[in-house]
Each structure stands twice: as C-alpha cells, then as structure tokens.
Amino acid sequence: MKQAPLVTRDYRTITYVSGPLIFVSNVKGASFGEIVRIFLKDGEERTGQVLDISEDLAVVQVFEGTRGIDTEATKVRFTGEPARINVSIDMLGRVFSGVGKARDGGPEIIPDAILDIAGTPINPSARDKPADFIQTGMSTIDGLNTLVRGQKLPIFSGSGLPANKLAAQIARQAKVLGEGEQFAVVFVAMGITHKEASFFMRDFESTGALERVVFFMNLADDPTVERLSAPRCGLTVAEYLAFTHNLHVLVILTDMINYCEALREISTAREEVPGRRGYPGYMYTDLASIYERAGRLKGKSGSITQIPILTMPDDDITHPVPDLTGYITEGQIVLSRDLFRRGADPPVDALPCLSRLMNLGIGPGKTREDHRGVADQLYASYAYGRDLRRLVAIVGEEALTELDKKYLKFADEIEKRFITQGDEDRSIEKTLSTAWDLFAILPEDELKRIKKEYITKYHPAHREPGR
C-alpha cells in the first residue's frame, strides 16, 4: 500500500522575531518538534524546528540564526517531519556539526537509516542492568569509581581545570577488555572555542583515536539552538551503533553547562517563567531526556555508557546544573582546584567522588577479586591522612605519633603516584599493583578492610622476588 505524501504548508505570517526564534501566526496543524524550512527574500534557505504551539501561533527556533529575516517577505514551510539524522557505520572517524552535517571536508554520509533525534524511549522492562567493566586507563576512575557498561557517570569540573584533557584521554584510552574491536566513542562538544576544537582534533588525529570516534562539534560562535540538537544527534548515532551493530559505545558530552545556558537563552526568548537562577523549570526533565538514553537492552550485546562533563560556575556543586545532573546520574567524578594547584594530573579529588554501580562491574572475572577491598582501604586511609593534614596545620607535625606520620606520608604518596599519572594509560592490574605498593607504607595490621588471604597474595612484603 502506497504511503500518502506528506502535505507541506507555506506561510508568510511571521509576526515578530526574538533572538533565535520566529513567531508564525495563523498556523494550522503544526506539531511539536516538526522541522520547518525558512526561505529568505534573497533565496537563502534555513532550517528550524517548532518549539511551541498555542492556538494558531507557532514558535520556531532557527538553527542558522534569525539575522536578515524580513517578517513580510520570508516564507515559512512546515514539512510535517520530525528532526532526523542520517546514520551509518561509516560515521566512525568523521567530524560533524551539531545537527549532523559533515564538518571535516568529507562527503555527506550515505545513510543506512534516517532516525528521529529524539530517540525511541526504552521500555523499562526491556532494560538490562548495567554490568561489566570499562577500562578508562585512569586509576582514580578504574580503581576507586569504576565505570560500568550502561552507566552514566558525570565529571564535575571548575573553570580553568583540565576537564577537556581528561575527556580526550578517556576517549582515546577507553576499552572493553576481551571484546576486541567492539568499542566506539561518540564525542559531543557543545559551545567549545576554536582553541578547544583544535586541541581535540590534534589529540584524536595524532593518537589515531579518531578512527573509532564519531565527533559532533558545535563551536561557541555556532547557532545557540544547534547546541540543543548536538547531544541528541550524538545519542541517536550511539543507539544505532550499539543496538544495530552491537558495539559498546562510550558517549562523552562536553560541556553540559553550555547546553543548559542555551536552554536558558531559548527559554528567555520564549518569555517563559524562570526557575532557579533563570534556568527553565523543565530543565530536570530536559536533562533526563538526554542522560536516560544510556543503558543496555535485554537480548542485545551492545551498550551505551555516558560521561557528561560540566563546568561548575564558581566551583559550586549546588548550582542547578550539577545538582540536577547528580540526581539523574549514577555518581560523579569531581576535579579539585587545590590538587590542580599542587600539580596533580588529573586533579581528581577522590573523596567526594562516587560510582553507585561500581560493585556491578568489579570482582572475579571482571577486574580482580581484591578490587573492592583495595578501593575501600584506599578511601579510608587517604581520608584519615587528609584529616591529619588539617591537624598538622594547627598543632604541627611533631605532635603526631609515628603511625600518624605514616598516614600523612600515605596521603602525599597517593596523590603523587596513584592520582597523578599524566598521559599514562594504566591497565587495571597496574592500578591495583600501584595501590598495593602504597599499602606497603602502612603496617599490615592497619589494612583492616582487605581480607587476609588477599594481603598474603598481593602485598609487596609477600611477593616472590621478580614478581
């Protein structure tokens, strides 16, 4: 049976323009999210999307901006189609704009499928629980806050901290152990500067990581509304790679604060009632529509794992964006300005970090049987050493016992040898081995969170020569 062609409707009834939005009156039959073609007087064509409909008025966001739009001479065509993106396995190794147009000088993609960027909601009963280990090569993540397939684990950064360097390092190092080439990265950069874009491109090209990366790049001087489409385009490609081609896909979204600023700008242009700090009241729902697209499906071997990165304004973790992100996601990695000043690379503050799904991805057959105990002991000993630093600032180091001095040294060494690793790509075995070397600083009877058989097996004092 032949499908009836979609009916397009043309209007010349733009009432006014506000920022990236145009308001079109006397519109009949428009639907939310519908794609719109805008034809300017000089023949230029732009693309937009319906944001709101009330009675006979449609609010349309214009992806290329509204400069030069004449309210009387501009024609608006409602296509009746949702926002879609061409997807193909050939997208690996390519760079695209925030709406999926080729940005690397190569040809446009010949699609295997054309998919709605809103994605298909996952039936909760079809979800499989996140499990299995993803090795990022970063000790503070792999050892203490393990990333699990299907998880969403954000990185909270501050202005000037090297979150981009960490993101690029994770993108090139991340791997699924024992799965060969079944791994891909979708990297979505929103509102980044030309300098940052140049950094990412140089890093990916020089290390060869670009071959397995689909890179969506939205620059700071690109249209604001394109920023809202970028993560959805990236996740649609990730869903295609994961659930059609059975790849394990890591999606890195940077910087979510730029996405939320774009959301606030559009909300202000629509004259909506603002919520906390001017952000729209529906920001929680909007963020959830992005973060909840991570996961695994029963009967499918592929998975989507997310690492959203956001810069906390004024290092305020209670700011609405990190606050709401923390509610939706399953933990957080926090970068520390104090550690950064003292030369830690990456400056990950282990104590406020958390991975709620860590236990699902570690242990025998996944990482190693001593992993849980090692992580608990590192946390406990490091926290005690950090407390002693504050005490030393008041009473001086002379007032400490010999054992306390060892804990103080342990805190210093964990920052120098475990947290700081530069560009080194550490296997999980190297991460756990480094932890055991640090435990040699403390007396064995202080290792109360690790089973005795593991101490006998892995502690340096019990290792055979040459091991």
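Rings, charges, cysteines and a cavity

The structure holds 14 aromatic pairs. This is a predicted model, where local features need pLDDT of at least 70 and side-chain atom pairs count only at pLDDT 80 or more, while totals for chains, interfaces and linings use all residues. Numbering runs from 1 along each chain as its sequence is written, and side-chain values use heavy atoms, with hydrogens and water left out.

Me: Why is the pair of Y16 and F23 called stacked?
Reply: Rings of Phe, Tyr and Trp (its six-membered ring) pair if their centres lie within 6.5 Å, and planes under 30 degrees apart count as stacked, over 60 as edge-to-face and the rest as tilted. Y16 and F23 have ring centres 4.3 Å apart and planes at 10 degrees, so stacked it is.

Me: What makes Y384 and Y407 an edge-to-face pair?
Reply: Their planes stand at 90 degrees, with 4.8 Å from centre to centre. The two come from distant parts of the chain, Y384 in helix α9 and Y407 in helix α10, 23 residues apart. Helices here are DSSP runs (H or I, at least four residues), strands likewise (E, at least two), and both are numbered from the N terminus.

Me: Are Y384 and Y407 buried or partly exposed?
Reply: Buried means under 20% relative accessible area, exposed over 50%, and partly exposed in between (1.4 Å probe, protein chains only). Y384 has 36%, so this residue is partly exposed. Y407 has 7%, so that one is buried.

Me: And how do Y16 and F23 come out, buried or partly exposed?
Reply: Y16 is at 37%, so it counts as partly exposed. F23 is at 5%, so it counts as buried.

Me: Which phenylalanines form one aromatic cluster?
Reply: That would be F187, F199, F200, F204 and F215.

Me: How do you know that the charged end of R368 sits over the ring of Y458?
Reply: The rule asks for NZ of Lys or CZ of Arg within 6 Å of the ring centre and within 35 degrees of the ring normal. For R368, the distance to the centre of the Y458 ring is 4.0 Å. K75 sits over the ring of F39 in this sense too, with its charged end 5.1 Å from the centre.

Me: Why is C260 in no disulfide?
Reply: A disulfide is a pair of cysteine sulfur atoms within 2.5 Å. The structure holds zero disulfides. For C260, the nearest cysteine sulfur belongs to C233 and is 17 Å away. C260 has a relative accessible area of 0%, so it is buried.

Me: What makes V185 buried?
Reply: Its relative accessible area is 0%, so V185 is buried. V185 is found in strand β15, residues 183-192. Between V185 and L241 there are 9.9 Å, C-alpha to C-alpha, at 56 residues apart in sequence.

Me: How many cavities of 30 Å³ or more does a search of the whole structure find?
Reply: One. A cavity is a set of points on a 1 Å grid over the protein atoms alone where a 1.4 Å probe fits but cannot get out, and lining residues have an atom within 4 Å of a point. The largest cavity has a volume of about 30 Å³.

Me: Which residues line the largest cavity?
Reply: The lining is L144, A350, L378, Y379, Y382, I414 and I419. The largest share, three residues, comes from α9.

How values were computed
On a 1 Å grid over the protein atoms alone, a cavity is a set of points where a 1.4 Å probe fits but cannot get out, and a pocket is an open set with protein on both sides within 12 Å along at least five of seven lines; lining residues have an atom within 4 Å of a point. Grid points are joined across faces, edges and corners, and a volume is the space filled by probe spheres set on the points.
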